[in-house]
Amino acid sequence: MKHTIQNSDISLTALSYGATVQQLRVRDRNGKDINVVLGFGEEDDYLHNPSYIGASIGRYAGRIGGGGFTLNGTRYELHQENGVHLHGGENGLNKKDWQLEALSDEGDHPSITYSTLSPHLEEGYPGNLKVTVTYRLEGRSLKVTYKATSDRDTVINLTNHAYFNLNGKGAVLDHELKLSSGTFVELDGKLLPTGNFRDVAGTAYDFRSPAFIGQQPGFSGIDDVFVLDTPSEAAVLYAPETGIEMKVATNQRAVVVYTPEDLGALPFAEGAAYGKYSSICFEAQTFPDAPNQPAFPSAVLRAGDTYCNETVFEFSIR
């Protein structure tokens with residue numbers, strides 16, 4: 001099912017399948033309506049979505065290694081491909097048809113809330129997990145709030161996988177990026193954390209000062225985990241062509257920044273044409289493989305507690 005909310009500044013179209021962001025429209029400096037996220041034209045197109053475009057990701061976003069994890073002395077085996085468990089497994093939350101919990105068109109703050117239940121041991125995870133996501137428009141901002149509870153101790157790491165392009169076409173190489181991060185997580189050849197952290201200074205990952213993505217020395221695409229120095233000022237993305245600026249704020253400790261090199265020929269809405277490095281994702285979350293990394297912040301959700309991941313995407317014009 002498709003649902004649309006809007007106010008005087010911004011509009012959102014979401015799908016119950018995968019609790020997916022399909023379109024997010026804001027006006028550029030000339031008043032033109034721009035869809036700033038990649039999305040498919042038809043709902044059925046999302047049934048085959050290996051790049052998780054716009055989807056809600058879980059139970060565990062990112063990668064878990066070692067075939068699974070141990071919690072409270074019990075070993076839990078997870079689905080893996082090439083030694084990696086990715087984005088919740090073979091049938092993660094992105095492949096569920098979520099239920100519509102609430103739809104509000106109240107003034108300047110309309111919202112959509114979806115919910116789903118992941119039963120005990122689905123994809124190998126312990127606990128009956130109830131998850132909700134609320135998409136709420138606040139002026140020129142989109143607030144995305146994930147909440148979850150479990151009847152058993154479990155591990156959790158939810159995020160949204162929207163692909164942003166503030167021009168609504170082409171590539172993001174001409175977008176200016178600033179990240180509130182002086183440290184990134186070292187990854188191995190399978191993009192699993194080694195457990196070490198590295199300083200961004202002198203690397204292609206240094207976006208502490210605004211830099212054009214395609215002009216960053218050594219740039220060959222980003223698919224990395226950045227430790228946030230100031231989560232409330234996590235990132236700023238700016239497109240000179242449209243004048244649209246997007247600020248990202250979150251309550252999470254890290255953000256995975258991803259610039260896909262080539263998504264291939266996909267059925268994008270309204271025939272939108274994208275090039276190499278079409279878009280950029282800001283996947284606010286905790287650290288990947290945290291269940292197997294004792295030095296990382298815990299990803300454990302205790303029975304009866306409430307998990308909350310909140311991210312705000314605020315738009316303005318320069």
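Which residues is Phe315 in contact with, leaving aside its neighbours within four places in sequence? This is a predicted model, in which local features need pLDDT of at least 70 and side-chain atom pairs count only at pLDDT 80 or more, while totals for chains, interfaces and linings use all residues. Residues are numbered from 1 along each chain as its sequence is written, and side-chain values use heavy atoms, with hydrogens and water left out.

**View A. Surroundings of Phe315.** Contact means heavy atoms within 4.5 Å. Phe315 touches Ile10, Leu24, Val26, Val36, Arg140, Phe164, Leu166, Ile244, Glu245 and Met246.

**View B. The largest nonpolar core.** Such a core is a set of buried Ala, Val, Leu, Ile, Met, Phe, Trp, Tyr and Cys residues joined through side-chain atoms within 4.5 Å. Buried means under 20% relative accessible area, exposed over 50%, partly exposed in between (1.4 Å probe, protein chains only). The core has 57 residues. Tyr135, Phe164, Phe282 and Phe315 have the most contacts inside it. Strand 12 (residues 129–138) gives the largest share, 5 residues. Another core, of 17 residues, lies apart and includes Tyr76, Tyr125, Val225 and Ala254.

View C. Strands (E, at least two residues) are DSSP runs, numbered from the N terminus. Two strands pair if DSSP finds at least two bridges between them.

**View D. Strand 23 beside strand 24.** 5 bridges join strand 23 (residues 254–258) to strand 24. Val256 stands opposite Glu283 in strand 24.

Conventions: Helices (H or I, at least four residues) and strands (E, at least two) are DSSP runs, numbered from the N terminus.
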